[in-house]
Amino acid sequence: MASTTSFKDRNLIAVIGDEDSITGLLLAGVGHINEQQKKNFLVVDSKTPVATIEATFVEYTERKDIAILLINQHIAEKIRPTVDKYQQAFPTLLEIPSKDHPYDPSKDSILKRVQKLFGE
Amino acid sequence: MSGTGARENVFATRMSLANTKQRLKGAQTGHSLLAKKRDALTTRFRAILRKVDESKRKMGRVMQVASFSMAEVTYTTGDIAYLVQEQAKLATFRVKTKQENVSGVVLPAFEVDRVSGSDFNLTGLGRGGQQILKAKEVYAKALETLVELASLQTAFTILDEVIRATNRRVNAIEHVVIPRLDNTIKYIMSELDEMDREEFFRLKKVQAKKKRDTAARAEEAEAKAQHEQPTLVDLALDGDAEEASADLLRSKDEDVIF
């Protein structure tokens with residue numbers, strides 16, 4: 001289990017979300033810009049290309065200082081294959097609801113697994 | 001008999017039998033230990049599963065409240081998104097990881113770690129300041145829920161993986177290793193029995209041959225004896241004659257002694 005060895009240095013929360021979610025979470029103080037001027041948040045609007053979202057998602061999941069990755073569910077929906085493929089324990093991937101898109105438990109990749117396990 | 005099923009490639013000796021028996025015992029101990037581990041993990045897993053489900057639903061509600069307070073802020077102060085994004089430099093809301101041990105599996109748990117300082121100074125504009133502060137608190141609360149959920153989810157993912165690995169091992173021992181060792185033991189036993197029987201048969205055979213040989217020799221001797229009986233009588237007669245002479249000589253000698 002190589003993933004568990006390095007979780008001590010992980011202490012940031014990264015966000016991929018729409019403007020309102022990002023603003024709220026930044027207000028709470030999750031925003032961080034590191035030495036390479038890399039942000040730990042990505043504002044996604046209707047004009048953001050899917051490739052950018054995907055690239056950012058991959059980048060955040062590969063960064064060593066991020067413990068939790070929050071992503072708006074409607075954005076996760078755009079890159080669903082990538083999200084469903086993501087099985088690592090670190091960083092933890094959390095799908096959160098956004099203002100315009102209420103939370104739908106049936107779409108969550110983790111909850112899908114939960115439901116499957118409960119159904120068995 | 002012993003040819004059925006997979007077995008290990010060993011020579012059928014008493015030593016390898018003892019070895020294999022020991023290994024079978026070890027495999028059985030390992031199997032029961034792993035099964036216990038699996039049960040412990042599964043119990044934990046079920047509890048976490050329920051909690052994950054619960055907090056996911058709770059998160060939905062919490063985030064709704066948070067979005068609402070954000071809307072209030074936007075209503076009172078206008079759009080602060082840009083301002084806030086520009087202000088973000090250093091995270092004040094971080095998480096700490098601590099670990100928990102469930103039967104040999106390290107489960108990380110996240111804890112909220114808030115560092116004071118680096119507040120948004122520029123957002124205290126007019127009446128909006130209060131709303132912003134409120135929104136900030138609401139979002140911090142929501143984040144706490146999210147962090148809690150994240151640790152549950154991490155535990156869920158890790159446990160899921162570990163349980164699967166343990167299950168694989170338990171099944172492998174149960175369905176592959178133990179039958180194989182059983183087959184090996186059976187094979188060695190049957191081989192040894194076979195060898196025993198062979199040895200027994202060989203000994204019997206040797207004995208029978210010896211018996212036959214002795215019987216034959218005895219018979220031969222008897223036959224010879226019967227053949228030579230007359231000559232023996234003659235010899236005896238001759239002997240008598242000789243004996244007489246010998247006696248004579250002896251008596252003579254005796255006489256000499258006396």
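In this predicted model, E194(B) is partly exposed, with a relative accessibility of 37%. E194(B) forms a salt bridge with R197(B). The closest N and O atoms of E194(B) and R197(B) are 3.1 Å apart. Both residues belong to helix α3 of chain B. They are three residues apart, and therefore about one helical turn separates them.

E8(B) lies in the segment before α1 of chain B, whereas R23(B) lies in helix α1, residues 14-77, so the pair ties together parts that are 15 residues apart in sequence. The partners differ in accessibility class. E8(B) has a relative accessibility of 12%. Because the limit for buried is under 20%, E8(B) counts as buried. R23(B), at 45%, counts as partly exposed.

E8(B) also forms a salt bridge with R180(B). Here the closest N and O atoms are 3.6 Å apart. This pair links distant parts of the chain. E8(B) sits in the segment before α1, R180(B) in helix α3, which covers residues 128-257 of chain B. The two residues are 172 residues apart. R180(B) counts as partly exposed, with a relative accessibility of 34%.

Over all chains, a search of the whole structure finds ten salt bridges. Between chain A and chain B, the count is zero.

The fold of chain B comprises three helices and two strands. From the N terminus on, the order of elements is α-α-β-β-α. Chain B has 258 residues, and buried residues make up 33% of them. Contacts in chain B were also examined by sequence separation. Of those with a separation of 6 or more, 82% are between residues 24 or more positions apart. The accessible surface of chain B comes to about 17000 Å². Carbon and sulfur atoms account for 56% of that surface.

The interface between the two chains was examined next. In chain A, 50 residues are in contact with chain B, and in chain B, 52 residues are in contact with chain A. The size of an interface is often given as the accessible area lost when the parts come together. Chain A and chain B bury about 4500 Å² between them. Carbon and sulfur atoms contribute 69% of this buried area. Two residue pairs are in polar contact between the chains, both at pLDDT 80 or more.

Several elements of chain A supply at least two residues each to the side that touches chain B. The strands among them are β1 (12-17), β2 (41-43), β3 (66-72) and β4 (92-96). The helices are α1 (19-28) and α5 (109-119). Helix α1(A) gives the most, with ten residues. By class, the side of chain A that touches chain B has 29 nonpolar residues. A further 13 are polar, and eight are charged. Despite these eight charged residues, no salt bridge is counted between chain A and chain B.

Key. Residues numbered from 1 in each chain as written. Chains lettered and ligands numbered in written order. Predicted model: local features only at pLDDT ≥ 70, side-chain atom pairs only at ≥ 80, totals over all residues. Heavy atoms only, no water. Salt bridge = Lys/Arg side-chain N within 4 Å of Asp/Glu carboxyl O. Helix = DSSP H or I, 4+ residues; strand = E, 2+ residues; numbered from the N terminus. Buried < 20%, exposed > 50% of the residue type's maximum accessible area, 1.4 Å probe, protein only. Contact = heavy atoms within 4.5 Å. Buried area = accessible area lost by both parts, 1.4 Å probe. Polar contact = N/O pair within 3.5 Å; in protein donor to acceptor, adjacent residues only side chain to side chain. Nonpolar A, V, L, I, M, F, W, Y, C, P; charged D, E, K, R; others polar. Areas by Shrake-Rupley, 256 points an atom, 1.4 Å probe, with all protein chains shown as cover.
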